2 protein chains.
Amino acid sequence: MAIEKTPLAAPLAMNGSAHLAELDASRLVVTLAKTLQPLPENPHFGEIKTDHMLMATYEPKTGWSAPEIKPYGPISLDPASSCFQYCPNVFEGMKAYRGPNGEPRLFRPKLNMERLARSAERVALPPFDTNAVLTLIKRLVAIDARWIPTKPGHSLYIRPTIIGTRAALGVAASDSAMLYVIMTPTGPYFNTANAKGIPLLAVGTTVRSWPGGTGGHKLGLNYAPGFLPQRLAAEQGYSQILWLLGDDHKITEAGAMNFFAVVARDDGDLDVVTPPLDGTILPGLTRLSCLALLDAHTARRTVLPGLRPALRLHTHERALTMPELAAWSAEGKLLEAFCVGTAVAVAPVGRIGWEGKDLVMPSEETGLGEVGKALLERVLDIQTGRVEWEGWSVVCEV
Amino acid sequence: MAIEKTPLAAPLAMNGSAHLAELDASRLVVTLAKTLQPLPENPHFGEIKTDHMLMATYEPKTGWSAPEIKPYGPISLDPASSCFQYCPNVFEGMKAYRGPNGEPRLFRPKLNMERLARSAERVALPPFDTNAVLTLIKRLVAIDARWIPTKPGHSLYIRPTIIGTRAALGVAASDSAMLYVIMTPTGPYFNTANAKGIPLLAVGTTVRSWPGGTGGHKLGLNYAPGFLPQRLAAEQGYSQILWLLGDDHKITEAGAMNFFAVVARDDGDLDVVTPPLDGTILPGLTRLSCLALLDAHTARRTVLPGLRPALRLHTHERALTMPELAAWSAEGKLLEAFCVGTAVAVAPVGRIGWEGKDLVMPSEETGLGEVGKALLERVLDIQTGRVEWEGWSVVCEV
């Protein structure tokens, strides 16, 4: 497969453990694939990967290796490796979009890098230079830029991953690691997204995260415990789980997304409520961005598409429970419920199965309401560079 | 490396998904290593692996592959594999011991197989025939029998592992899997075991497991969240964490071991207390075996070594809190505290750091007390076949 090897710089001189090599983008070695794959027509999320991948490894005596971009292919590891046995594995979800002039763009990528560093620290993986990783990701996106779809709603999903590779069975932090980035072209994540709402099953018997747990970090290990409940929910006709916590049925996350409810106020304004970053939910970038855009609309710093300029949206990051949601619904005050995340952007909730009944959301048949629709449109506008907003969209220059 | 290929049977005929192949020990293919490694003198736990490994793979269209025993070596996987991304990875810890006539022996291995099956189900991995896996493990142990150490307290640690290998990024159960078994010779796990007590740091701010979580299953993902707290504890001079849960400082596990306290009663009997199997702690085989042996002593079905035959030991599987332990300690009633697990067998607790102070255990300087010592001796007697007890020790005939 390999045709081009371009060592950009010699490895740093090592002098014992005192001089561990940093992850250094200037040492990148690029090996291009000899044969490029045909581009898929309508790829399922995450199944087809692009032609190349980025990789670097960390060893306790030498530090970070020279990073490589090379043809996509399998990785080979000792079966005792920590990633298989104890799961110190972290990842990020990012997307590359095509801008108005066809240029590749990323969305607030520094925030992904900062979260990745926090995730790595949480499971005691070695630290790395976040700027270097971002520089390398931009290079990878540029090399595989032909994979960024042009269809609206389609994009190139980017999956930075760090796994522990210590090849010993003692239960201890992994002192070696592998960082890699793979990419997959994607259409809308849910078939129902932007159309009818997603049916969620509220589950509190299996608990995704807990105070003092790891739900606030993007760790691979947060996801497998959801597989079985997710399968059981699917058998009942629900496409995702709405994870509850505690005796008060507190809403945490929906599937792997953040949850929002829009509630009518007596003064004609709207309350937009989402659970707080208390360590049990992921600090989503789309969540953060939606909250900022709603606040900007209310402050009249922008007008969100389709919303009255005078409409005031009061954002609340606060505990939100199923009984509250049910009460708002019964009173006719619950106007919208939607989920946000990198994969979906903004997706409507259809109904929520809870205690044997379905709580039907206004978005069941019609899809996103006015607030969700405004956010989806504006987020996509910014992500694809059609609207400039506070430097959130970053052109992938290399 | 490969010199011998012995296909024992042809693959089953497939007829769509209705006829998925079972894991079938009779289809085992053995490929022996050409060169055998020298045996290590004093191996660290889990670092040196034996010459061979067992492997089988599962694919959704065909079921289980013919199992292979082959030279130990790396495994090669797609970087998108579920095991790296979402961690549906489960394992077991078992040991092979040498019997009085040098024969390899396993300790209650069916219980490990049953727990492995429950772990796999919890993270939605494909099911497998537990008898087949045990038959294959016995064959692997027999092939690498020269690795079973003869030194007292030493044994061959066996690590059955199943990992999800679905190579797609959508968050869903892994419909393909790899089962493998690797082995590593081991001496005593802690340098301090059977000598001075292990210093534990009681931690309740980081929480290992919770109601509705996965702490009651042997999942790889239960371990990485402990790496950082473990490192911080080590910096303070504690070798393991005593994991607490909730406002009442409930004791769950110690490191990756089960916790026991021995308390003097006014009537001269002893209470032996260990946390219950409420889903937040691992149902340890050593825990189960210790409880059974203590009950057998009290019922005069056996006499544990060094204990008075008339000594009555009242076992209690019930919630146990740090304040309780502290109160017993202050009253002079706390006679012993020890940890049990496959790796350690029975190991004394030295002190427990809690709320800025050290709670010093009676076993701090002297090591195991009479109950812990009796259990360690009897468990090792049974494991090594010196004492027959209820068929717990199984000769590895193949």
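Predicted model: local features only at pLDDT ≥ 70, side-chain atom pairs only at ≥ 80, totals over all residues.
Let's start with A:Lys218. A:Lys218 lies in the loop between β12 (198-203) and α4 (227-235) of chain A. Helices here are DSSP runs of H or I with at least four residues, strands are runs of E with at least two, and both are numbered from the N terminus.

Residues are numbered from 1 along each chain as its sequence is written, chains are lettered from A and ligands numbered from 1 in the order in which they are written, and side-chain values use heavy atoms, with hydrogens and water left out.

An unreviewed UniProt entry annotates A:Lys218 as "modified residue: N6-(pyridoxal phosphate)lysine". Such annotations may be inferred rather than shown by experiment; the positions are in the numbering used here, and feature names are shortened.

Is A:Lys218 buried or exposed? Buried, with a relative accessible area of 9%. Buried means under 20%, exposed over 50%, partly exposed in between, using a 1.4 Å probe and protein chains only. Contact means heavy atoms within 4.5 Å.

Next, A:Lys95. A:Lys95 sits in strand β8 (residues 94-98) of chain A. A:Lys95 is buried, with a relative accessible area of 8%. What does its side chain reach? The backbone oxygen of A:Thr342, at 3.0 Å. The A:Lys95 side chain also reaches the backbone oxygen of A:Ala343, at 2.8 Å. A polar contact is a pair of N or O atoms within 3.5 Å; within protein, one must be able to donate a hydrogen and the other to accept it, and residues adjacent in sequence count only if both atoms are side-chain atoms. Beyond four places in sequence, A:Lys95 touches residues including A:Arg105, A:Phe107, A:Tyr157 and A:Thr186.

Now chain B. Strand β9 (residues 155-164) is mostly covered, with 10 of its 10 residues buried. Strand β6 (residues 89-91) runs antiparallel to β9(B), joined by 3 bridges. B:Phe91 has B:Thr161 as its bridge partner. Strands pair if DSSP finds at least two bridges between them. Strand β7 (residues 94-98) of chain B is also antiparallel to β9(B), with 3 bridges. There, B:Ala96 partners B:Leu156. Finally, 10 bridges join β9(B) to the antiparallel strand β10 (residues 177-186). B:Arg159 has its partner in B:Ile182.
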